[in-house]
Amino acid sequence: MAVEKLTRQDIMFLMVSKCPICKKKITDEKKGPNFPFCSERCKLVDLNSWFDGNYTISSRIPDEEDENGEDLTK
Ligand SMILES: [Zn+2]
């Protein structure tokens with residue numbers, strides 16, 4: 001009786017994923033070309049941080065949901 005082994009990719013796919021940049025949960029429908037990032041924005045943030053030669057983000061990248069909202073609290 002053969003037991004099918006799950007590949008690493010299968011396990012990754014079954015797990016609830018979180019974006020490494022903004023820690024947002026990535027649901028199945030959001031898994032796309034930008035996976036494991038939630039969006040192109042986060043993918044670019046990650047890329048840029050490597051291009052800069054260090055892993056610090058100099059300017060705050062607003063969350064996608066805040067894109068249209070100005071920060072009026074200050
Ligand atoms: Zn993200």
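**Notebook: a look around Cys 19**

I started at Cys 19, which sits in the loop between β1 and β2. I kept in mind that this is a predicted model. Is Cys 19 buried or exposed? I found 21 other C-beta atoms within 10 Å of Cys 19, so I wrote it down as buried, since the cut-off is 20 or more.

Next I looked up what Cys 19 touches. Skipping its neighbours within four places in sequence, I listed contacts with Lys 24, Ile 26, Phe 37, Cys 38 and Cys 42. I also checked Cys 19 against Ser 39: they are 20 residues apart in sequence, and their C-alpha atoms are 8.5 Å apart in space.

**Entry: Ile 26**

I found Ile 26 in strand β2.

**Entry: Lys 31**

I placed Lys 31 in the loop between β2 (25-26) and α2 (40-51). With 14 other C-beta atoms within 10 Å, Lys 31 is partly exposed. I checked Lys 31 against Ser 17 as well: they are 14 residues apart along the chain, with 9.0 Å between their C-alpha atoms.

Which form does the peptide bond from Phe 35 to Pro 36 take? I found it to be cis, with omega near 10°. Pro 36 lies in the loop between β2 and α2.

I then turned to Lys 23, in the loop between β1 (17-18) and β2. Its phi is near 65°, which is a positive value in a residue other than glycine. Is Lys 23 buried or exposed? I counted 9 C-beta neighbours inside 10 Å, so Lys 23 goes down as exposed, given a cut-off of 12 or fewer.

**Entry: the whole chain**

I zoomed out last. I noted 2 helices and 2 strands in the protein, running α-β-β-α from the N terminus on. Of the contacts with a separation of 6 or more, 14% are between residues 24 or more positions apart.

How far does the predictor trust its model? I noted a mean pLDDT of 74 for the protein, with 58% of its residues at 70 or more. Where is confidence lowest, and where is it highest? I found it lowest in helix α1 (residues 8-14), at a mean of 65, and highest in α2, at 87.

Methods: Residues numbered from 1 in each chain as written. Predicted model: local features only at pLDDT ≥ 70, side-chain atom pairs only at ≥ 80, totals over all residues. Helix = DSSP H or I, 4+ residues; strand = E, 2+ residues; numbered from the N terminus. Contact = placed C-beta atoms within 7 Å. pLDDT = per-residue confidence, 0-100.
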